[in-house]
Amino acid sequence: MSVQGGKLSICIPTFERSSFLDYLLKKIYEEDYKLEFPFEIIISDNASNDDTQLIVEKWQTSLNIKYFRQTKNIGAIGNYNFVINKASGEFSLYLADDDLIDFSSLNSCIF
């Protein structure tokens with residue numbers, strides 16, 4: 001049920017971990033029907049030199065993703081702050097690119 005804005009903003013800062021990000025986005029895509037509320041995914045790429053941008057482009061048509069690519073590395077804390085500040089949902093969830101979501105628990109937390 002991914003839509004722009006909505007109830008939850010899933011905020012993912014990333015840097016040169018495209019394989020982890022790809023796996024995470026795949027799992028969100030496979031399980032998003034379990035979320036009982038609209039959500040958005042916001043990704044801040046901290047000037048990665050790998051194929052992070054291609055991975056995001058691969059998933060943008062399936063998941064409603066806002067993607068931001070930094071022109072230079074702004075550090076882990078700067079990237080975290082940037083992605084959180086782009087959230088437009090009623091709630092925000094920080095999610096590292098190598099984390100996964102327990103969808104049933106997330107539903108319980110939001111409602």
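Buried residues have under 20% relative accessible area and exposed residues over 50%, with partly exposed in between (1.4 Å probe, protein chains only). The model is predicted: local features need pLDDT of at least 70, side-chain atom pairs count only at pLDDT 80 or more, and totals for chains, interfaces and linings use all residues. Residues are numbered from 1 along each chain as its sequence is written, and side-chain values use heavy atoms, leaving out hydrogens and water.

**View 1. Confidence along the chain.** Mean pLDDT (the predictor's confidence in each residue, from 0 to 100) is 92 for the chain, and 95% of residues reach 70 or more. Helix H3 (residues 75–85) has the highest mean, 98, and helix H4 (residues 103–110) the lowest, 87. Helices (H or I, at least four residues) and strands (E, at least two) are DSSP runs, numbered from the N terminus.

**View 2. The two faces of H4.** Phe103, Leu106, Asn107 and Ile110 are buried. These residues lie on the same side of H4, because they cover an arc of only 105° around the axis, taken from the directions from the helix axis to the C-beta atoms. Exposed Ser104, Ser108 and Cys109 sit on the face turned away from the buried side. Strand E1 (8–14), helix H1 (18–31) and strand E4 (91–94) are among the elements covering the buried residues.

**View 3. Surroundings of Ile65.** Apart from neighbours within four places in sequence, Ile65 is in contact (heavy atoms within 4.5 Å) with Leu25, Ile41, Ile43, Val56, Trp59 and Gln60.
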